[in-house]
Amino acid sequence: MQIEPIARVQVFVTCPGRNFVTLKITTESGVTGLGDATLNGREMAVVAYLEEHVAPLLIGRDAHRIEDTWNTLHRGAYWRGGPVDMTALAAVDVALWDIKAKLAGLPLYQLLGGASRSGVTVYGHANGETIEDTIAEAKKYVAMGYKAVRLQSGVPGMASTYGVSKDKMFYEPADGALPTENTWSTSLYLNHAPKLFQAAREALGWDIELLHDVHHRLTPIQAARLGKALEPYNLFWLEDAVPADNQAAFRIVRQHTTTPLAVGEVFSSIWSCKTLIEEGLIDYIRATVVHAGGITHLRKIAALADIHHVKTGCHGATDLSPVTMAAALHFGLSVSNFGLQEYMRHTPETDAVFPHAYSFADGMMHPGEAPGLGVELDEGLAATFPYKRAYLPVNRLEDGTAFYW
Ligand SMILES: O=C(O)C(=O)C[C@H](O)[C@H](O)CO
Ligand SMILES: [Mg+2]
């Protein structure tokens with residue numbers, strides 16, 4: 001049996017505009033693999049977890065034994081699961097897949113069963129202070145070749161709204177050394193959102209797929225009302241309509257609307273979405289490589305989803321590093337029930353720290369043909385961008401009640 005013992009495990013933290021945590025595993029024969037371990041706003045918790053509790057367990061293990069390593073780390077932790085553990089586990093898992101594919105001399109998607117399609121269709125983010133601004137942004141995405149765009153607009157009467165950033169192309173919500181506070185009005189939002197999509201269909205037509213993210217801010221019956229109100233505009237999906245801690249809550253939304261539902265960017269494992277998938281309460285599962293235990297675990301989620309007619313829709317915000325973007329593309333190219341992949345562009349500084357083989361053309365992305373993931377870490381450049389603590393915002397209702405952001 002061919003054995004590839006792990007010799008070194010390193011964790012790098014870099015902040016080329018935002019914080020990224022990267023795990024690098026090196027084998028005794030000198031092959032390296034990268035894994036993204038970035039958990040926005042809680043980065044250093046994963047660093048400590050990896051350095052103190054995971055790295056010592058990896059030294060000397062056979063890098064080829066990905067499934068066994070996953071299960072040993074997961075079942076052997078006893079206190080298993082949750083975002084910190086599953087992000088750390090994902091980083092190990094992806095780094096080991098990177099190593100295995102490099103040793104095989106193949107791009108990772110070939111090890112995952114080969115390409116199931118010619119490319120990975122992606123959606124971009126159009127956001128603006130007003131409906132007109134948002135539509136103008138969406139037109140830029142259409143001009144770049146995107147076939148699907150997420151629309152978020154400011155709501156008149158609200159000082160700030162989720163998803164509306166000053167820098168249009170490079171979204172970054174983690175903006176403070178302490179959390180900034182937003183104020184939320186459900187009624188203003190519910191009155192406004194259908195107007196955005198009515199105007200968008202008039203201006204953009206019906207050939208472009210449109211998406212919207214509620215960011216967990218409605219009760220089930222409010223989400224049901226919004227889904228019904230948006231039906232005439234034929235959304236590709238309505239995302240995170242309600243907080244999904246209570247999976248059964250989606251039954252109410254589902255009973256009332258035919259607008260397709262997507263959820264899962266904060267999910268850590270198959271247990272967060274088992275009911276949603278088995279009862280057919282959603283159409284797209286948005287769990288992602290870095291936060292749901294890596295490729296090994298995400299493949300199991302996708303397999304369960306496949307038999308229930310649920311497609312994938314991996315989270316792909318800019319707080320997931322290019323290492324996750326590449327992993328998502330290899331996964332999306334190969335998995336049978338791929339739906340749509342989110343693609344927010346990283347800044348040029350981030351792209352320089354993580355040179356990569358993936359590319360965008362005609363609304364689709366491709367991971368490229370480099371062996372492994374096709375992403376490297378420029379360690380020298382990374383070291384010039386030290387960690388800067390940054391929090392995601394918090395949200396309050398108009399009367400001051402702490403709410404979901
Ligand atoms: O990309 C999305 O759909 C998001 O909701 C982005 C999140 O706000 C972001 O990843 C939080 O870190
Ligand atoms: Mg989202």
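This is a predicted model: local features need pLDDT of at least 70, side-chain atom pairs count only at pLDDT 80 or more; totals for chains, interfaces and linings use all residues.
Residues are numbered from 1 along each chain as its sequence is written, chains are lettered from A and ligands numbered from 1 in the order in which they are written, and side-chain values use heavy atoms, leaving out hydrogens and water.

Let's start with the strands. Helices (H or I, at least four residues) and strands (E, at least two) are DSSP runs, numbered from the N terminus, and two strands pair if DSSP finds at least two bridges between them. Look at Trp 184, whose bridge partner in strand 15 is Leu 397.

Strand 15 also pairs with strand 16, residues 402-403, this time antiparallel and over 2 bridges. Here Asn 395 has Phe 403 as its bridge partner in strand 16. The hairpin of these two strands has 4 residues between the strands, and Gly 400 there takes a positive phi near 100 degrees.

Now the helices. Helix 6, residues 186-204, packs on helix 7, residues 220-230, at about 20 degrees, with axes 9 Å apart; axes are lines fitted to C-alpha atoms over the stretch in contact, and angles run from 0 to 180 degrees between N-to-C directions. That makes the two helices roughly parallel, a label for angles under 35 degrees.

Thanks, everyone!

Note on methods. Angles under 35 degrees count as roughly parallel, over 145 as roughly antiparallel, 65 to 115 as roughly perpendicular and the rest as oblique.
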